[in-house]
Amino acid sequence: QVQLVESGGGLVQAGGSLGLSCVASGTIYSINDMAWYRQAPGKQRELVAAITNGGRGNYADSVKGRFTISRDNTKSTVYVRMNSLKPEDTAVYYCAADIFDVSVAGYRRYWGQGTQVTVSS
């Protein structure tokens with residue numbers, strides 16, 4: 001059974017930095033894209049950053065230049081480094097990964113449970 005587990009959330013002051021990590025565990029044959037999403041209270045979940053298997057990243061306009069996504073394929077782990085944090089970055093952050101599922105002979109999206117990031121002004 002595949003699971004994604006995030007870690008690294010917490011409380012930080014505006015202008016500060018925080019790093020999140022997410023590790024995939026279980027029987028994993030292959031991981032395609034990995035990504036970070038976030039959901040603020042009363043808002044829809046939105047894509048923050050995504051990274052391909054080959055390491056190419058793309059970002060939401062709101063975090064470009066401040067956040068950096070990376071991954072370690074040998075550890076089935078995706079990271080995001082968040083710098084110059086703003087109060088509007090406050091949200092629950094979720095990782096997602098497209099992992100090969102033998103039962104459907106295709107990639108299936110898995111989600112982590114979420115980790116809270118709070119940025120105080």
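**View 1. Four strands in an open sheet.** In this predicted model, the strands run in the order β1-β3-β8-β7 and form an open sheet with antiparallel pairing. Strands here are DSSP runs of E, at least two residues in length, numbered from the N terminus. Two of them pair if DSSP finds at least two bridges between them. β1 (3-7) and β7 (67-72) are the edge strands, and each pairs on one side only. From one strand to the next, the twist averages 15°. Angles run from 0 to 180 degrees between N-to-C directions, with axes as lines fitted to C-alpha atoms.

Residue numbers start from 1 along each chain as its sequence is written. As this is a predicted model, local features need pLDDT of at least 70, side-chain atom pairs count only at pLDDT 80 or more, and totals for chains, interfaces and linings use all residues.

**View 2. The pairing of β1 with β3.** Strand β3 covers residues 18-25. Five bridges join β1 and β3 in the antiparallel sense. Within this pair, V5 stands opposite V23 of β3.

**View 3. S76 in the loop between β7 and β8.** β8 spans 77-82, and S76 lies in the loop between β7 and β8. S76 is not a glycine, yet its phi is positive, near 50°. Most residues other than glycine have a negative phi. Is S76 buried or exposed? S76 is buried, at a relative accessible area of 16%. Buried means under 20%, exposed over 50%, and partly exposed in between (1.4 Å probe, protein chains only).

**View 4. A105 in the loop between β9 and β10.** The loop with A105 sits between β9 (91-101) and β10 (106-111). A105 also has a positive phi, about 50°, without being a glycine. A105 counts as exposed, with 59% relative accessibility.

Technical notes:
Heavy atoms only, no water.
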